[in-house]
Amino acid sequence: MQAFQRFTINRGTFAASLLALFSSIALAITPSSLRCENRDDPRGIDVAKPRLAWMLDAGQQTAYQIEVAGVWDSGKVASNQSVAIEYAGPALKSQTRYDWRVRAWDQDGKPGEWSPRASFVTGVLGVPWQGKWIADGEATGAPKGIGYHAGEASTDETKWVQVDLGESLPIESVLLESLRHENCDGFGFPIRYRVEGSNDPDFASPVTIADLTRADAPNPGKGTVTHRASTKVRFVRVTATRLFPWNGKFCFALSELRVLSGGRNAASGRPVSFKDTVDNFGWHHDALTDGIGVEPHGMPVFKRELALDKEIAEAVLSVCGLGHYELFLNGSKVGDDLLAPGWSNYRKVCLYDTFDLTKQLRDGANELRVMLGNGFFNIPGGRYVKLQTSFGQPMLTLQMRVRFTDGTEQTIVSDESWKTASGPITFSCVYGGEDYDARREDRLDEKTAWSPAKVVEGPGGALTGLSQAAEPIGAIETLKAVKVNRIGKNLLVCDFGQNASFIPRLKVKGVAGASVKMIPSELLGDDGRISDPMCGGNAFYTYTLKGDPKGETWFPQFFYRGGRYVQVELSAPQGKPLPEITSLESVVVHSKAKPAGDFACSNELLNRTRDLIRWAQRSNLMSVITDCPHREKLGWLEQYHLHGYALRYEWDMAAMFVKGMGDMAQAQLENGLVPDIAPEYTVFGDGFRDSPEWGSSFVIVPWQQYESTGDTSLLATYYERMKRYCDYLQSRSQDLIVSHGLGDWYDIGPNPPGMSQLTPLEVTATAYFFRCADILSRTAKLLGNAKDADQYGALAARIREAFNRKFWNEQAGLFSTGSQCANAIPLVMGIAEPHMRARALDAIVKDVAAKGLTAGDVGFHYLLRALYEGGRSDVIYAMNNQLDKPGYGYQLKMGATALTEAWNAETRSSHNHFMLGHITEWLYAGLGGIQLDPAAPGWKKFIIQPAVVGDLTWVKAHYDSPYGRIVSHWKRSGRHVTMDVAVPANSSATVVTPDGKRHQAGPGKHHFKATLP
């Protein structure tokens, strides 16, 4: 009874004490969301000092302590930093898991609780890679190429190439196989040529097999030209006397040269000689006689059986399968990533993935199995291709470190002991599709199907883990058909309601040998069938059934496509019933990058616009930022910087931009040029390879990364290369004016969209030259290089002067032609002098009012920025809050479900292309008001300054910064506005209310009221 009285005495005192206790618990700062190298629990860390980060649930941090279990204890470190904290313990071991945790001290010096444990797994770190490159038994030692390509000529001239058959043989025919390259059938096939044979290599006494030198020969497109012969020779030569014109030059190219003797191809594998050759970018003279041509081949499968007779303490495996791979352990796929590893320039970097298999390996017998697909590593012809390239035949390298509880270790590597077999994937092309014959699965259970793998030379790229990798690709969501139109008993079209990057998931029943062909498309024709202007209906999936009475399921492994519709064509062996589809779904696939933000407002058109753009963003976030998920799938670089902020508001993009910078660096030429695409799988001509608006990403992206994350590592890593690009632009300038490139691509002018129509190329190109010099000056200062800071600062000032002198029209108060692009760029980049700014902005406002939107891929980004930074978000709102002129609303009106390539949604352009989606940045930064603070990069401090415009009555936006979630939510009633703001722990904000007043806000939730003027 006495104890009870002590507990209940003075209820008021107890209540106050309890409140104080709860308050202290609520305010104790506890780290959460632990990350290593911008990832959650990453596998494959290949840097010696990985950077650690965390978020706090409340308050301001004054100190931290990190523990890496059994390895390192930082002790108490006085610091308010919670991002990019370098590991500073002993050297990390290769292929090893590490657990870590952190705690923090608050502003009153009180320690919080330890965080939950996180982990990271190292890749192959600090030791040589031991696995050998292996391929199937048919792989050649020489690198596979697209075909033979003579050196390009500036004038039409004679070229020749010949094959040595090894001995004099009776010749029946010579076959010249053309190819498709850069979206051109019959690329490089000679206009006039002759085919000759000889028994001496110098062709002193040639025998004519075919002579087409007197008149232009018809181009065979993508096909084979056969020349009959009746002679006995050792050497066969093709001499081109009139070359194929291409991009202002002349070229000669063949996919394959076959010489039939006794019914076989006597040229297969024989040596090739030539006047000259191009042996890079996927071309190789050996490909002329490799015997492969454009015929599809089954994809290899590899396996290794292993017996583990001890108790396993830890098992970590690292693997690179090129072009793509899927790894299986004891019959089950390891992990859920798709299209792995990421795309790269395989002669420079080959990405590997790492898996912790400790819990999946079993004592005793185990089997590792790997299936390969071609990807961008090897692009065969035979169907639609944007380009053809090859770094070699599909190949694999792998190593696994197994540590046992008794302290011993075993290393399993890829080598001659592995077995290989031809698998059920019979066609694999990143552009053309994927075919799967399920009847071939049973063959893999037969010992006779397997033969020893062959050790081959790798493609040359350094094996690299997460330090150069984007987030992996995965299956994100599943769409079911909203409508199925059965056109005939063997033909139906499924509408999934959304244009997306997808892989179909098929469930089907039928007899062995029956097949299902699935052709994706963005559009429908008037007859209800698909309309596929992007790929001509020649990119598809085919599944051949094995006849399982329980039904069969197929989810293709190595080909994705963009589209909304799938045309299904059914077939069966003669006299057998057609297969029955029980389910067909569209599985949306793209980068696993975490969503970072959300936006909604009272205007439904703007909400639908954001969704339109977001679907296009999703469809093009793969292992590079692509332009479209069907026609090209290439990493066009202007999107990296023009959409740098817009993408970051929607997604956690830090790893993607690290990967992109690596791709650009590997593509950079000796003269400093950074091509328009990276990886540069093909060489385009003119501005499509060298456009400053594209190549300047190499300088702008690392600066944006610094602004957005506070991380200077990209600036430091690539600084010298960035300088080389700026110096290259200077070498192309005349009086500091640069005049080449693509300009404001896809602006709205009198002609169909394409090259800039309203803005001279020299305006945008010179502006980017200035931007590069300006960033280099700032970067040099940041890195402590005063000499370079002065040099590039002076260069930027001279470019500014030259730009304004040439393009500013003082009388008219505008730049150059007065286009929206021409006036906006100098305002945003800081080129315009103070007395020009108000007049140029006024010219923009008047032009938009008179014409509506006219800016294109480059100009629209700067148009938006010029307006919202100039306080004219009302103009942006009016310009985009409409349906009847080309723009977002018009695209929605035309039925688009993802952003289209052209403002007017024309069908000749892509219908899943996010290059015009710049307005996302304004939705968050303009309407939501969530903006970076230049004084404190990385969101340690930030600004919230929303624009209250038009008839909007509310906006709600959030962004997950490195310190936690930022929230901006405002409502308007008449002239009265309320604002609710959330500031994450360990950061602070400047809040500018619509009445212009400034407020300082620390961590927590805040409420503001304002009256509009």
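Rings of Phe, Tyr and Trp (for Trp, the six-membered ring) count as a pair if their centres lie within 6.5 Å, with planes under 30 degrees apart called stacked, over 60 edge-to-face and the rest tilted. By that rule, the structure holds 43 aromatic pairs. Everything here comes from a predicted model, where local features need pLDDT of at least 70 and side-chain atom pairs count only at pLDDT 80 or more, while totals for chains, interfaces and linings use all residues. Residues are numbered from 1 along each chain as its sequence is written, and side-chain values use heavy atoms, with hydrogens and water left out.

**View A. Tyr384 meets Tyr431 edge-to-face.** The ring centres of Tyr384 and Tyr431 sit 6.1 Å apart with planes at 90°, so this pair is edge-to-face. Tyr384 belongs to the loop between strands E30 (364-373) and E31 (395-404), and Tyr431 to the loop between E34 (425-429) and E35 (433-437), which puts the partners 47 residues apart. (Strands, E, of at least two residues and helices, H or I, of at least four are DSSP runs, numbered from the N terminus.) Both tyrosines are buried, meaning under 20% relative accessible area, against over 50% for exposed and in between for partly exposed (1.4 Å probe, protein chains only). Zoom out and there is one aromatic cluster made of Trp343, Tyr346, Phe376, Phe377, Tyr384, Phe391, Tyr431 and Tyr681.

**View B. Tyr541 and Trp554 form an edge-to-face pair.** Here the centres are 6.3 Å apart and the planes stand at 80°. Tyr541 is in strand E45 (residues 540-544) and Trp554 in strand E46 (residues 552-554), so the pair ties together parts 13 residues apart in sequence. With 0% relative accessibility, Tyr541 counts as buried; Trp554, at 4%, does too.

**View C. Two charged side chains lie over ring faces.** Arg383 lies over the face of Phe427, 4.0 Å from the ring centre. Lys517 does likewise with Phe540, at 4.2 Å. The test is that NZ of Lys or CZ of Arg is within 6 Å of the ring centre and within 35 degrees of the ring normal.

**View D. Three strands make an open antiparallel sheet, in the order E1-E3-E7.** Strands pair if DSSP finds at least two bridges between them. E1 (31-36) and E7 (85-86) are the edge strands with a single partner each, so one side of each has no neighbour in the sheet. E3 (residues 51-56) and E7 pair in the antiparallel sense over two bridges, and Leu52 stands opposite Ile85 in E7.
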